Amino acid sequence: MPSIKRFEELRVWQESRVVCQLIRDYVKRSDFAKDFSLKDQIKRSSGSCMDNIAEGFAREGNKEFRQFLAISKGSMAETRSQLYRAFDYGYIDEEEMNDSVKKCDDCLLYT
């Protein structure tokens, strides 16, 4: 089995990137874009997922990497919670919320 040399090869990072891109698309919408607090918070938490995976991988130690994966999981949970708020506020519809929450949950399968 080939060893992974770059964090970009990690499936969990790739899936986190997909979630981050979805969030970016959502927050461009008129009503969502005007909610500066939620928009900034959900962008930060979804970005934090990707970034913590990359940082943990770069530390080159399994113990530290596991710690950063745990932090990333927390950020993904925060993103999921914010997706529910976006739905409750009418910024995304139910199908988008369910699809996005599933994508967040799928990321956790790779940690």
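1. Let's start with Tyr91: in this predicted model, tyrosine 91 has a relative accessibility of 15% and counts as buried, because the cut-off for that label is under 20%.

2. Tyrosine 89 and tyrosine 91 make an edge-to-face aromatic pair, with 5.7 Å from centre to centre and 80° between the planes. The edge-to-face label applies because the planes are over 60 degrees apart.

3. Buried or exposed, or something in between: what is tyrosine 89? With a relative accessible area of 45%, tyrosine 89 comes out as partly exposed.

4. Zooming out on the rings: Phe32 joins Tyr89 and Tyr91 in a cluster linked by ring pairs. Searching the whole structure turns up four aromatic pairs.

5. Now the helices. The axes of α1 (residues 11-27) and α4 (residues 62-88) come within 12 Å and cross at roughly 30°. That makes α1 roughly parallel to α4, since angles under 35 degrees get that label. As for handedness, α1 passes α4 in a left-handed crossing.

6. Which residues do the meeting between α1 and α4? From α1 you have Val12, Ser16, Val19, Ile23 and Tyr26, and across from them in α4 sit Leu69, Met76, Thr79 and Leu83. Sorted by class, this α1 and α4 contact has seven nonpolar and two polar residues, with no charged ones.

Methods
Residues are numbered from 1 along each chain as its sequence is written. This is a predicted model: local features need pLDDT of at least 70, side-chain atom pairs count only at pLDDT 80 or more; totals for chains, interfaces and linings use all residues. Side-chain values use heavy atoms; hydrogens and water are left out. Axes are lines fitted to C-alpha atoms, for helices over the stretch in contact, and angles run from 0 to 180 degrees between N-to-C directions. Helices (H or I, at least four residues) and strands (E, at least two) are DSSP runs, numbered from the N terminus. Angles under 35 degrees count as roughly parallel, over 145 as roughly antiparallel, 65 to 115 as roughly perpendicular and the rest as oblique. A crossing is left-handed if the near helix is turned anticlockwise from the far one by less than a right angle, and right-handed if clockwise. Contact means heavy atoms within 4.5 Å. Ala, Val, Leu, Ile, Met, Phe, Trp, Tyr, Cys and Pro count as nonpolar, Asp, Glu, Lys and Arg as charged, and the others, Gly among them, as polar. Rings of Phe, Tyr and Trp (its six-membered ring) pair if their centres lie within 6.5 Å; planes under 30 degrees apart count as stacked, over 60 as edge-to-face and the rest as tilted. Buried means under 20% relative accessible area, exposed over 50%, partly exposed in between (1.4 Å probe, protein chains only).
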